[in-house]
Amino acid sequence: MMTDLPVINHDETAEGISLMMLRPGQTGCVCDIVGDSKLVHRLREMGLCCGAEVKMIRSGSPCIIGLGRQRLGVRLDELASVIVKTSTDACRECQVHTPR
Amino acid sequence: MANDTVPGPLTVTLIGNPNTGKSTLFAALSGVNQRVGNYPGVTVEKKLGELEFQGRKWLLVDLPGTYSLAPRSPDEMVTVDVLLGRQADLPPPDVVICVVAANNIERNLYFFSQILELGLPVVIALTMNDLATAEGMKIDIAGLVRRLGVPIVPIHARRGDGLESLKVAVNQAAQAGTASLSQDIFPEAFQREVEQLQSVIAGWSKPVEAGEKPHGPPRYLVERRLLDAGVHENRWFALNDTHEQQLNLLVDEARQRLATAGCRVPEIETVSRYQWVARQTAGLIEIPEEMGLTTTDRLDALLTHRLWGSLILAAVLVVMFSAVFSWAQWPMGWIEFIIGSISGFVESQLPEGALRSLLLEGVIGGVGSVIIFLPQIFILFFLMTALEECGYMARAAYLMDRIMIRFGLSGRSFIPLLSSFACAIPGIMATRVIENRRDRLTTILIAPLMSCSARLPVYTLMIAAFIPQKSILGGILQLQGLTLFFMYLVGVVVAAAMAWLLKRTILKSDAPMFVMEMPAYQRPSLRVIIARVLDRSLDFLQNAGTIIFAVSIVMWGALYYPRSSPEASRELSANQSRLEASLDSARASGDSAKVAELEGELGDIESKLAGIQQRNSFLGRAGRLIEPFVKPLGWDWRIGSAVISSFPAREVVVATMGVIFDVGADVEDEAGQKRLTTAMRAATWPDTGKPLFNIPVALSIMVFFALCSQCISTLAVIARETQSWQWPLFSFIYMTTLAYVFALAAYRCGMLLGL
């Protein structure tokens with residue numbers, strides 16, 4: 001279900017984009033994680049599940065993301081990618097709890 | 001388990017996420033009464049401690065930190081087995097202490113929800129309270145206790161706060177018995193499926209006798225079977241083939257039903273558990289809306305910076321390695337002195353003969369040459385544990401991931417490879433943090449290619465003897481220093497190429513995903529560091545005491561037997577007796593100049609005798625046997641047998657060279673080294689009379705030692721860590737092949753360049 005991601009020029013979008021595309025300081029709301037099931041599960045266990053708010057702290061590969069108060073060094077590539085939405089409304093769609 | 005007489009020890013198991021201060025708590029509770037081992041068949045560290053509370057002994061079991069109780073590997077299954085009392089060598093836990101970090105409470109409670117389902121008495125030790133408070137968090141502990149139904153004790157292990165209350169709580173939990181199973185974590189549909197599966201499996205196990213409780217599998221295991229994709233979990237239920245196939249079918253069906261009911265496996269687990277955590281903590285945890293920058297964030301802005309962070313990392317490494325070499329000099333000197341004194345004592349107490357030689361050269365010499373590295377290992381481990389405990393190592397791994405990925409590895413392999421520059425043994429032991437088995441194996445296989453400190457004596461000897469003291473590039477660089485650097489570089493480059501190759505062939509897998517928690521920076525606990533350093537050092541000593549001991553004796557035998565015939569050395573022996581007689585008379589007459597002269601001559605004769613023996617020994621013969629193979633490298637049989645003799649430990653080659661070139665084994669000091677250097681420069685090929693050594697030969701020897709696998713301890717550690725004999729064998733064969741090929745190339749290139 002992964003299609004080529006369109007180039008995003010505006011800051012807020014209801015479209016899902018890859019977490020990697022967030023700029024430092026920007027936050028997004030996780031709406032899907034795709035890829036190898038074991039790795040996806042590991043990321044979910046760390047709290048990166050649907051509805052979680054993530055903040056890009058240092059972009060690049062690997063990047064550092066803020067998930068609540070924890071900081072994770074993550075390299076996301078062809079193995080797994082996290083789809084986030086940056087619009088504030090998008091987060092409300094997820095009924096799942098956001099780990100703070 | 002109330003007993004009328006003396007109650008047995010209370011088994012208390014510690015578990016929690018990584019970076020929660022669990023090790024600090026374990027060290028604070030058990031003090032020095034801890035021992036470390038391995039669970040049979042896996043490389044999971046088995047840490048046990050003891051303490052006494054209110055007249056009862058406690059057995060503390062520290063399980064490795066983990067984010068989840070969903071076993072992904074045999075190693076992680078051990079954790080589950082210990083908790084469920086299915087590990088044969090440990091009693092089932094009476095109480096579980098779940099260590100929960102306050103500053104990451106949601107993720108920690110996710111893990112706690114898994115513990116809760118085991119149906120054991122649980123006590124929560126709440127750590128990192130000061131960090132949470134500093135970040136403006138407020139936790140209503142009393143409210144949480146009511147909701148979770150387990151005691152929560154806030155502690156500060158390093159200061160010792162809360163430890164007594166924790167012990168009291170654990171004691172009470174032990175007396176109260178089982179904690180109630182929390183049934184409301186998963187949706188009803190899921191729970192029904194688990195119950196059905198559980199009763200089916202229970203029906204398959206042996207019939208229940210009258211009065212006995214039905215022994216179905218633990219509910220948690222059934223739940224895992226339904227949630228986890230792997231098939232290895234069937235092992236838990238001890239089923240026959242028919243039942244196993246039936247179970248696989250039933251699980252598939254159940255998963256399909258759940259998917260249509262909106263509970264897709266495995267998402268259902270994380271979703272349900274985090275929802276449960278949210279329900280439990282709702283209204284009890286206060287978090288400031290807009291979080292300011294924490295100290296950790298401010299430090300990270302610098303320490304994880306691509307340029308500044310990398311420069312700081314380089315500086316840290318330089319300081320660390322110079323510390324390993326300079327601080328270790330003193331204790332190494334002491335150890336040398338002690339070993340020397342023991343040898344001296346043995347020498348004076350025993351008559352000359354096989355036994356004395358066995359003790360001196362075999363036992364003391366062999367084991368001593370390994371123990372000498374203990375200070376370096378100790379210091380390296382001390383510094384690395386300190387950096388790890390304060391949270392810096394995660395940043396180093398983060399910075400290095402960018403480079404490591406080019407060779408198919410992740411940042412996690414960096415630390416083990418780094419420590420291998422001091423010694424491959426701690427490096428290989430440090431690979432335990434690498435989750436992916438293939439990555440871990442790759443790292444283990446390339447770690448011995450890093451130039452460890454045992455290679456240094458070989459490099460120094462060869463460089464001092466044959467590389468001219470010339471400065472190049474207008475005096476900026478020294479040729480000798482450059483050669484040394486080049487030797488280190490050879491190891492690194494070949495290791496990188498090998499990693500690349502291994503990950504594309506026999507250990508093929510995608511570049512591992514890198515997910516690493518960057519824990520908040522904190523002051524390390526000295527107690528934890530010392531405890532860990534002691535563990536590792538003892539581990540190393542144990543190794544030295546067993547395998548190295550055995551191999552040293554074998555090598556001694558190969559050098560000592562068969563004894564050379566008296567005819568071969570008759571002339572020398574006659575000379576020796578004559579000199580000894582005149583030495584005695586010179587001593588009697590007090591002619592000190594004469595004594596010194598005679599002693600010198602006598603020493604030469606002894607060295608020559610030793611040389612004759614060496615040539616005649618099995619090892620010398622082996623050297624001659626392999627001469628055709630080593631001749632292309634520019635070596636003669638003497639170098640060949642020195643290389644064979646250094647199989648147990650490569651640094652031994654220097655001493656063997658000393659014996660072979662008739663200057664005695666005592667070449668450690670400056671004068672000895674000078675004598676050896678002179679002898680080596682004078683050595684010639686018997687048939688042509690050309691000098692044996694030149695720069696290409698020196699280079700080929702150095703390159704050979706840079707890449708070869710001449711270290712029995714490393715091979716032994718690889719065997720233990722991989723639980724097999726194939727990998728050390730593979731390691732030995734591939735490294736020796738590489739060493740030969742590269743030594744050949746170095747010699748040929750050197751000759752072509754006319755060096």
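Student: What covers the buried residues of H20(B)?

Tutor: The cover includes helix H21 (479-504), helix H28 (652-660), helix H29 (670-682) and H30 of chain B. This is a predicted model, in which local features need pLDDT of at least 70 and side-chain atom pairs count only at pLDDT 80 or more, while totals for chains, interfaces and linings use all residues. Residues are numbered from 1 along each chain as its sequence is written, and chains are lettered from A and ligands numbered from 1 in the order in which they are written. Helices (H or I, at least four residues) and strands (E, at least two) are DSSP runs, numbered from the N terminus.

Student: Which residues in H20(B) are buried?

Tutor: They are Val458(B), Tyr459(B), Leu461(B), Met462(B), Ile463(B) and Phe466(B). A residue is buried if 20 or more other C-beta atoms lie within 10 Å of its own, exposed if 12 or fewer, and partly exposed in between, with C-beta atoms placed from the backbone.

Student: Why is H20(B) called roughly antiparallel to H30(B)?

Tutor: The axes of H20(B) (residues 456-466) and H30(B) (residues 695-707) come within 10 Å and cross at roughly 170°. Axes are lines fitted to C-alpha atoms, for helices over the stretch in contact, and angles run from 0 to 180 degrees between N-to-C directions. Angles under 35 degrees count as roughly parallel, over 145 as roughly antiparallel, 65 to 115 as roughly perpendicular and the rest as oblique. The crossing therefore makes H20(B) roughly antiparallel to H30(B).

Student: Which residues of H20(B) and H30(B) meet?

Tutor: Val458(B), Tyr459(B), Met462(B), Ala465(B) and Phe466(B) in H20(B) meet Ile695(B), Ala698(B), Ile701(B), Met702(B) and Phe705(B) in H30(B). Two residues are in contact if their C-beta atoms, placed from the backbone, lie within 7 Å. By class, this contact has 10 nonpolar, no polar and no charged residues. Here Ala, Val, Leu, Ile, Met, Phe, Trp, Tyr, Cys and Pro count as nonpolar, Asp, Glu, Lys and Arg as charged, and the others, Gly among them, as polar.

Student: Why does Asn694(B) count as partly exposed?

Tutor: Asn694(B), in the loop between H29 and H30 of chain B, has 16 C-beta neighbours inside 10 Å and therefore counts as partly exposed.

Student: What makes helix H27 of chain B mostly covered?

Tutor: In H27(B) (residues 637-645), nine of its nine residues are buried, among them Trp637(B) and Arg638(B). Across chain B, buried residues make up 43% of the 755 residues.

Student: How do you know that E5(A) and E12(B) pair?

Tutor: Two strands pair if DSSP finds at least two bridges between them. E5(A) and E12(B) have four bridges, in the antiparallel sense, and one of the bridge partners in E12(B) is Met516(B), facing Gly73(A).

Student: What makes E1 of chain A and E12 of chain B edge strands?

Tutor: The open sheet of seven strands has the order E1(A)-E6(A)-E2(A)-E3(A)-E4(A)-E5(A)-E12(B), with antiparallel pairing. Strand E1 (17-18) of chain A and strand E12 (514-517) of chain B each pair on one side only.

Student: Which elements give two or more residues to the side of chain A that touches chain B?

Tutor: The contact takes 28 residues from chain A and 28 residues from chain B. On the side of chain A, those elements are helix H1 (37-45) and E5, and H1(A) gives the most, with eight residues.
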